[in-house]
Amino acid sequence: LNFLIALIYVDAIKKLCKKVKIPLDIIDLIGSHGQTIHHLPQKINYFGYTFGSTLQIGDPSIIAKKTGILTIGDFRTGDVALGGEGAPLVPYFDFIMFHSKTKNRALLNIGGISNITILEKKGDASSVIAFDTGPGNMMVDFLSQKFFNVEYDKNGTIASSGKISQKLFEALIQRDEYIERGIPKSTGREYYGKQFLSPVFKKIKQVSSQDWLTTVTNFTAYGVFRNYEKYIKIETEIDELFVSGGGAKNRYLIQSLKKYFGKNVKINNVKNLGISPDAKESICFAVLANETISGNPSNIPRVTGAEKNTILGKICLP
């Protein structure tokens, strides 16, 4: 799989360049995050060593050799080696691209997991707060496939057709130990995969398929807001929240966020800042790759919990 995914990436790079008529030989570098297989930043003791770990596959060496382009990958490992969570890494990019001197901004990316970055108008990069708030599309997609045999809830249409089950919502809150956990923190499929919902299925009966999707989508928005109230608002009250990732297209999820945050926080799509919500993380890792090759540290210790700032990634020669 490590080789296969890299070869798929190479094919995608070549097809994209051909489509947009950009020759491979004028590209300076590639930044590749890879596919996360396991993200276990919380330290364990194993054979007398105490450490966290993370694994992304789709080896950047293969990409470099097959494209002839300098490739930087494995961005998370260095931060975890220094005691950090290895995530989120987007906040450095968020600060460079989106910091405002007049507004307290939050950037919320809703992929499989939701992660938030807080940019205080008077702060610098070292003052940024960011972390994974909890589930994003992961559980919603799982339920869409389980109940409706579709890959995802397009536009949040199914969720919009149901209603919130209070008993299910309370069971989800009781089941979840991550949302209340202190920061810095990060999470992934290891926690919010189908195993998260298995005991809830056994406990909660007589809830329709639509109501399951409605309630879990609402729970995703709740996780974002609960973290804001518990860990962010005391230090920075945000004026505006910009949403990216696949979840930005889920109208019911956006509606739920607006319900929780109320009228004092303007919620918009990140495209209003001049960047595609689908491309934001891709652009981020291109920027991180450029920082690596330039010798600039790009983790934020306050965000990840690492011992110090460090240059991220591995540089793979073509």
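Trainee: Where is the place of Glu235?

Mentor: Glu235 is found in the loop between α10 (209–232) and β8 (240–244). Please bear in mind that this is a predicted model.

Trainee: How is the protein divided into domains?

Mentor: There are two parts: domain 1 covers 1–86 + 299–316, and domain 2 covers 90–273. Twelve residues from domain 1 and 15 residues from domain 2 take part in the contact.

Trainee: How far apart are the C-alpha centres of domain 1 and domain 2?

Mentor: The two C-alpha centres are separated by 25 Å. Between them, domain 1 and domain 2 bury about 1000 Å², with 51% of that on carbon and sulfur atoms.

Trainee: Which residues in domain 1 lose the most area to domain 2?

Mentor: They are Ile300, Arg302 and Val303, which together account for 57% of what the domain 1 side buries. Arg302 is also the salt-bridge partner of Glu235.

Trainee: How many salt bridges does the rule find across the interface of domain 1 and domain 2?

Mentor: The rule finds one salt bridge across that interface. The structure as a whole holds nine.

Trainee: What about Asp94 and Lys280?

Mentor: Their side chains form a salt bridge, at 2.9 Å from N to O. The pair links distant parts of the chain, as Asp94 belongs to helix α4 (residues 90–98) and Lys280 to helix α12 (residues 280–293), 186 residues apart. Both Asp94 and Lys280 are buried.

Trainee: And what of Glu180 and Lys230?

Mentor: The side chains of Glu180 and Lys230 meet in a salt bridge at 2.7 Å, N to O. Glu180 is in the loop between α7 (166–175) and α8 (189–192), whereas Lys230 is in helix α10, so the pair ties together parts that are 50 residues apart in sequence. Glu180 is partly exposed at a relative accessible area of 30%, and Lys230 is partly exposed at 35%. Salt bridges with shared partners join Glu180, Arg226 and Lys230 into one network.

Trainee: Changing topic, where in the structure is Val216, and is it buried or exposed?

Mentor: Val216 is in helix α10. It is buried, because its relative accessible area is 0%, and buried means under 20%.

Trainee: With which residues is Val216 in contact, leaving aside neighbours within four places in sequence?

Mentor: Val216 is in contact with Met139, Val140, Leu143 and Leu172.

Trainee: Finally, which residues form a nonpolar patch on the surface?

Mentor: The patch consists of Ile44, Tyr46, Phe47, Tyr49 and Phe51, with about 630 Å² of accessible area together. The elements giving two or more residues to the nonpolar patch are β2 (35–46) and β3 (49–57).

Technical notes
Residues are numbered from 1 along each chain as its sequence is written. This is a predicted model: local features need pLDDT of at least 70, side-chain atom pairs count only at pLDDT 80 or more; totals for chains, interfaces and linings use all residues. Side-chain values use heavy atoms; hydrogens and water are left out. Patches are made of residues with over 30% relative accessible area and no salt bridge: like charges are joined within 9 Å, nonpolar side chains (Val, Leu, Ile, Met, Phe, Trp, Tyr) within 5 Å. Accessible areas come from the Shrake-Rupley method with a 1.4 Å probe; for residues, only the protein chains shown count as cover. A salt bridge is a side-chain nitrogen of Lys or Arg within 4 Å of a carboxyl oxygen of Asp or Glu. Helices (H or I, at least four residues) and strands (E, at least two) are DSSP runs, numbered from the N terminus. Domain bounds come from an automatic or database domain assignment. Contact means heavy atoms within 4.5 Å. Buried area is the accessible area (1.4 Å probe) that two parts lose on being put together, summed over both. Buried means under 20% relative accessible area, exposed over 50%, partly exposed in between (1.4 Å probe, protein chains only).
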